[in-house]
Amino acid sequence: EIHERLVGSEMCIRDSGMLLLLIVSLFVLLGFTLWYSNCGLKTVSYTAGGEKLPEGFEGYRILQLSDLHSASFGNGNARLLRQIRREAPNVIVMTGDMVSRYDEDFSVTLALCRALAADYPVYYIRGNHEVGLDAAVWERFRAELTDAGVHVLDNETVQLTAPNGDTVNLIGLWYKLDYYHRFTGHYRPVTQETLYTILGDAPQGYNILLAHNPNYFPVYARWGADLTFSGHIHGGMIRLPFVGGLLSPETLLFPKYDGGIYQIEDKTMILSRGLGRGSMGLRLFNSPEIVTVTLARKEK
C-alpha cells in the first residue's frame, strides 16, 4: 500500500511537471508569435509585367516599402537595411505612411531614406498619414526627404530608364482624406473623373502607379495603370488562417484587398502588408514585410 502511494505521488508530480512545462511552452510560443508578428521581418517576392513591358525591363527589380510608421528594426534600422540590400533592387518605392501624423520626430524614417538613397533611386508618395500632417510640417518633411536624396512624387510622373534606353512611366498619386473613409461626413469615392482631374490622361507606354489606398484598384486599372503598388491595409492587422486579414484601417471587417497580388485582366496590383503597426497598435500572424517585384514579359 505504501509502495502504491509512492508510485501514485511520483506519477502526480510527473503529470504536474508535464502540465507546467506545457503551460510554459505555450507562453513562450505566444510570446514569440507576438514578437515575430510585430518585430519580425520577411521578404515576399512576386513576378509581374506582361507583354506590354519593354524588353529592357526584363528582370528589373522593384522593392516596395510601405506603412513603416517610424518603426525601427534594429539599431538604425540595421536589420531592415541589411535585408533590403540583400535583395539588390534596381529601384525602391515607398508607398506612404512611412511616418505617422502624430509624430514630432521624423528622424528614423529620414535616416533610413538617407541610407537607401545613397545606393538606390528612391521614390516616395504620401499616404493618409502624410496627408494628415499640418501643411507646414509636411513641407518641411518633404524638403528633408529631398535633401536626403529621395524623389517625392506628388501627383507627378517620371520615367525609369533601362540600360538599353527603354522607359516606363512611374506615377505617384495622392488624394485628400475625404476619399479614404466611407463613414465620414465628407466622404467622396475615387472615380475615373477623380483620376483624370488629378493626373490627366494615362501616359502612353507601360505605367507603374504608386497609390497608397488599394481599395480603388479597379479605378486605377481602368485609368491605365498596368502595375499598381499599394499599402494602407496593414495586411488586415490580425490574419486568420484560411480567412485572411481581419480589419482594415477604416474599421471594416475582412477587407477585400488585404495583401498580396491581385489581377484584373492584364492589370496587376501588388499590395504590401506594410512594416509598422500605426495607430491600431498590434499585428498578429502578420509579420512586417518587404516586397520585391521582378518584372517579366510573361504571356497573359
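**Close-up views of a predicted protein chain**

**Figure 1. Helices α3 and α5 are roughly parallel to each other.** In this classification, angles under 35 degrees count as roughly parallel, those over 145 as roughly antiparallel, those from 65 to 115 as roughly perpendicular, and the rest as oblique. The model is predicted: local features need pLDDT of at least 70 and side-chain atom pairs count only at pLDDT 80 or more, whereas totals for chains, interfaces and linings use all residues. Residues are numbered from 1 along each chain as its sequence is written, and side-chain values use heavy atoms, with hydrogens and water left out. Helix α3 and helix α5 (residues 135–147) pack at an angle of about 25°, and their axes are 9 Å apart. The axes are lines fitted to C-alpha atoms, for helices over the stretch in contact, and angles run from 0 to 180 degrees between N-to-C directions. The crossing of α3 past α5 is right-handed; a crossing has this hand if the near helix is turned clockwise from the far one by less than a right angle, and is left-handed if the turn is anticlockwise.

**Figure 2. Residues of α3 meet residues of α5.** From α3, T109, L110 and C113 meet F141, E144 and L145 of α5. Contact means heavy atoms within 4.5 Å. By class, this contact of α3 with α5 has four nonpolar, one polar and one charged residues. Ala, Val, Leu, Ile, Met, Phe, Trp, Tyr, Cys and Pro count as nonpolar, Asp, Glu, Lys and Arg as charged, and the others, Gly among them, as polar.

**Figure 3. D119 and R85 form a salt bridge.** Their closest N and O atoms are 3.7 Å apart; a salt bridge is a side-chain nitrogen of Lys or Arg within 4 Å of a carboxyl oxygen of Asp or Glu. D119 lies in the loop between α3 (107–117) and β4 (122–124) and R85 in helix α2 (residues 78–87), so the pair ties together parts that are 34 residues apart in sequence. D119 is partly exposed at 48% relative accessible area, and R85 is partly exposed at 39%. Buried means under 20% relative accessible area, exposed over 50%, and partly exposed in between (1.4 Å probe, protein chains only).

**Figure 4. K267 and D226 form a salt bridge.** The closest N and O atoms of this pair are 3.0 Å apart. The bridge links distant parts of the chain, with K267 in strand β13 (residues 267–271) and D226 in the loop between α7 (217–223) and β9 (227–230), 41 residues apart. K267 is buried at 15% relative accessibility, and D226 is buried at 3%. Through salt bridges that share partners, K52, D226 and K267 are joined into one network.

**Figure 5. D178 and R188 form a salt bridge.** Here the closest N and O atoms are 3.2 Å apart. D178 is partly exposed, with a relative accessible area of 24%, and R188 is partly exposed at 35%. The count for the model comes to eight salt bridges.

**Figure 6. S248 is buried in the loop between β11 (244–245) and β12 (260–264).** Its relative accessibility is 1%. The C-alpha atoms of S248 and I233 are separated by 5.3 Å, although these residues are 15 residues apart along the chain. As context for this view, the protein chain has seven helices and 14 strands, which are DSSP runs numbered from the N terminus (helices: H or I, at least four residues; strands: E, at least two). Of its 300 residues, 48% count as buried.
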